[in-house]
Amino acid sequence: MMKISKIAKLAAGAALIAMTAGAVKAQEQVEVLHWWTSGGEAAALNVLKENLQKQGVTWKDMPVAGGAGSAAMTALRARVTAGDPPTAVQLLGFDLKDWAEMGVAANLNELAEKEGWDKVIPAALQDFSKYDGNWIAAPVNIHSTNWLWINKAALDKAGGKVPTNIEELIAMLDAFKEQGLTALAHGGVPWQDGTLWEAVVLSTGGPEFYKKAVLEADPAALSGEEMKKVFDTMSKLRTYFDQNFSGREWNLSTAMVIEGKAGAQQMGDWSKGEWLRADKKPGTDFVCIRFPGTQGSVLFNADQFMMFDVGGDAEKAQMKMASAVEDPAFQIAFNTVKGSVPARTDISDEKFDDCGKKGMKDLAEASSNGTLMGSLAHGYAQPAAIKEAMLDVITQHLNGQLTTEAALKRLPEAVAAAK
């Protein structure tokens, strides 16, 4: 009768052979966790999948629906806790730093040095793409959040003048209401509420006020007269939403504007991907402008793929993916579909439409003027705990659960408690 120890050794040997065979197969596969599930986002992601397939790398998709990635983060925590991290994950801002602190990130220095990433990726992005001086992520794009997307036919009916400040915005929304439209399409979830709020903060007080209130979370700025104007404006804008706004995904709000059921949407430039997918053209079917009162400043977020320390043969496919993300041809192909602008500064705007050209020009201007600032709602202004605390107050106020006076008191308190 064979001894148990001998059986164990044989079983271990068989397992090792199976694992080795699996590793050979897995070395040309990347498993990617992301939240790009809308039509325009999925189309953009396919560009990367196809590029990798040409290199013999299979893409194993792990999509988790939810526009700002909170559901994806829950799924990621479960995977990492179980000791089974994906090859790469889509991450934003301070989340990159949080995961890097846990020591689970791969080191991309060798690839970054070989391809010269330091020279072409903006310093503001490198602050998040690196940890302790080491490259841990490959930035895919630079999005900006302070945009307003307008149905061109509705605008023409309203007189054709694009608004340049909050007062003119209100006048345009009133005109849309008179046309029987939902004046402002909005999805009532915290990150969307925060995206609108941060644009109103910038419009109301300008870049210096945004820096104080949002980037520095200064208690006086969060509770003063300027912030009172912000919350009052949010209350006014709330009157232009439709009754079914609560819980709606952002792309469904975009669809309302595309279909002529709503006049406008305040949203980041990822919404342009939905317009393009619907075969609509900027200037003909829709108008893209900076949120009224914010021209000259850019609130940014950037999608990045953080690479996890998977080790072994799987690392080869991982490095191919990181390289494919930074390839100039991919940056153009991806961002022209996604609505964002390239993460690299050495790329021509020739193949971009009018909104893309504007986005690249605005980005360069804001970067040189010191008015390129991180988005709160998308994780580039404050760490997650403070961001969530602020969004909680913003959403409660927008839904009428807090008065403006109560919100002014609660906002600095929530920030202090989250620190």
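The largest nonpolar core holds 65 residues, and Leu48, Leu76, Trp99, Trp117, Phe305, Met306 and Met321 touch the most other members. A nonpolar core here is a set of buried Ala, Val, Leu, Ile, Met, Phe, Trp, Tyr and Cys residues joined through side-chain atoms within 4.5 Å; buried means under 20% relative accessible area, with a 1.4 Å probe and protein chains only. Helix α15 (residues 314-326) gives the most to this core, six residues. Helices (H or I, at least four residues) and strands (E, at least two) are DSSP runs, numbered from the N terminus. Met321 touches Val30, Val32, Leu48, Leu52, Trp59, Ala88, Phe305 and Met307, leaving aside residues up to four places away in sequence; contact means heavy atoms within 4.5 Å. There is also a second, separate core of 55 residues, with Leu169, Val214, Phe241 and Val393 among them. In soluble globular proteins, nonpolar side chains tend to be buried together.

All of this comes from a predicted model, where local features need pLDDT of at least 70, side-chain atom pairs count only at pLDDT 80 or more, and totals for chains, interfaces and linings use all residues. Residues are numbered from 1 along each chain as its sequence is written, and side-chain values use heavy atoms, with hydrogens and water left out.

Next comes the sheet. Four strands make an open, mixed sheet in the order β14-β7-β12-β15; two strands pair if DSSP finds at least two bridges between them. β14 (341-342) and β15 (372-374) sit at the edges with a single partner strand each, so one side of each has no neighbour in the sheet. Strand β7 (residues 141-144) runs antiparallel to β14, joined by two bridges, and Ile142 has Val341 in β14 as its bridge partner. Helix α16 (residues 328-338) packs on the sheet, touching β7 and β14. Two bridges also link β7 to the antiparallel strand β12 (residues 298-301), where His143 is partnered by Asn301. Along β7, Asn141 and His143 point one way, Ile142 and Ser144 point the other way, and all are buried.

Finally, a pair of helices. Helix α9 (residues 166-178) and helix α12 (residues 225-238) pack at about 10°, with axes 11 Å apart; axes are lines fitted to C-alpha atoms, for helices over the stretch in contact, and angles run from 0 to 180 degrees between N-to-C directions. The two are therefore roughly parallel (angles under 35 degrees). Ile166, Leu169, Ile170 and Leu173 in α9 meet Thr233, Lys236 and Leu237 in α12.

Definitions and conventions: Parallel < 35°, antiparallel > 145°, perpendicular 65-115°, else oblique. Buried < 20%, exposed > 50% of the residue type's maximum accessible area, 1.4 Å probe, protein only.
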